[in-house]
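Please look through the sequence and the model shown here before reading on. The paragraphs that follow lead from single side chains to the chain as a whole.

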Amino acid sequence: MKRASGLDFIEKVKQVENFDSGIVIISAYDDFTYAKKALENKVSAYLLKPIQEKELISVMLRIKSEQKERRQKENLMENILVK
């Protein structure tokens, strides 16, 4: 059986119904083609090793903020449609 790459895994995860999490790739692989494919899969961030703690924290806080904003918009739309 062929071993799946991280990008293959991301493609499968994104197919899960109601998937609502950010995906961060942390890699030593700096090939542009790989990074481009990651962006096409709408990863939240692509960080190259070695990473800085501040950089990772910043990315995680941004993802958390984006999810909170998206959920607030969804709740607002749900409330509008229910009324």
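Glu-11 is partly exposed, with a relative accessible area of 27%, where buried means under 20%, exposed over 50% and partly exposed in between, computed with a 1.4 Å probe and protein chains only. The model is a predicted one, in which local features need pLDDT of at least 70 and side-chain atom pairs count only at pLDDT 80 or more, whereas totals for chains, interfaces and linings use all residues. Residues are numbered from 1 along each chain as its sequence is written, and side-chain values use heavy atoms, with hydrogens and water left out.

The side chain of Glu-11 forms a salt bridge with Lys-37, the closest N and O atoms being 3.1 Å apart; the term stands for a side-chain nitrogen of Lys or Arg within 4 Å of a carboxyl oxygen of Asp or Glu. This pair links distant parts of the chain, since Glu-11 belongs to helix α1 and Lys-37 to helix α2, 26 residues apart. Helices (H or I, at least four residues) and strands (E, at least two) are DSSP runs, numbered from the N terminus. Lys-37 is also partly exposed, at a relative accessible area of 34%.

How many salt bridges does a search of the whole structure find? The search finds 5, and among them are pairs that lie within helix α3. Glu-66 and Arg-62 meet through their side chains at 3.0 Å, N to O, and both lie in helix α3, 4 residues apart, which is about one turn of the helix. Glu-66 is partly exposed with a relative accessible area of 37%, and Arg-62 is partly exposed at 33%. Lys-73 forms a salt bridge with Glu-69, with the closest N and O atoms 3.3 Å apart; because these two residues are 4 apart in helix α3, about one helical turn separates Lys-73 and Glu-69.

In soluble globular proteins, nonpolar side chains tend to be buried together. Here the largest nonpolar core has 6 residues, namely Leu-7, Ile-10, Ile-23, Ile-25, Ala-38 and Val-43, a core being a set of buried Ala, Val, Leu, Ile, Met, Phe, Trp, Tyr and Cys residues joined through side-chain atoms within 4.5 Å. If neighbours within four places in sequence are left aside, Val-43 is in contact (heavy atoms within 4.5 Å) with Ile-10, Ile-23, Ile-25 and Ala-38.

Leu-76 is placed in helix α3, residues 53–82, and is exposed, because its relative accessible area is 51%.

The loops hold several backbone features. Most residues other than glycine have a negative phi, and most peptide bonds are trans. Asn-18, in the loop between α1 and β1, has a positive phi near 65 degrees and is exposed, with a relative accessible area of 70%. Lys-42, in the loop between α2 (32–40) and β2, has a positive phi near 60 degrees and counts as exposed at 64% relative accessibility. A cis peptide bond, with omega about -5 degrees, joins Lys-49 and Pro-50, and Pro-50 lies in the loop between β2 (45–48) and α3.

For the chain as a whole, the secondary structure comes to 3 helices and 2 strands, which follow the pattern α-β-α-β-α along the sequence. The radius of gyration is 16 Å, well over the 12 Å that the globule rule gives for 83 residues, so the chain is more spread out than a compact globule; this radius is taken over C-alpha atoms, and the rule is 2.2 Å times the number of residues to the power 0.38. Along the principal axes, the C-alpha atoms fill a box of roughly 50 × 35 × 20 Å. Buried residues make up 18% of the 83 residues, and the accessible surface, from the Shrake-Rupley method, comes to about 7,100 Å², of which 55% belongs to carbon and sulfur atoms.

Methods
Areas by Shrake-Rupley, 256 points an atom, 1.4 Å probe, with all protein chains shown as cover.
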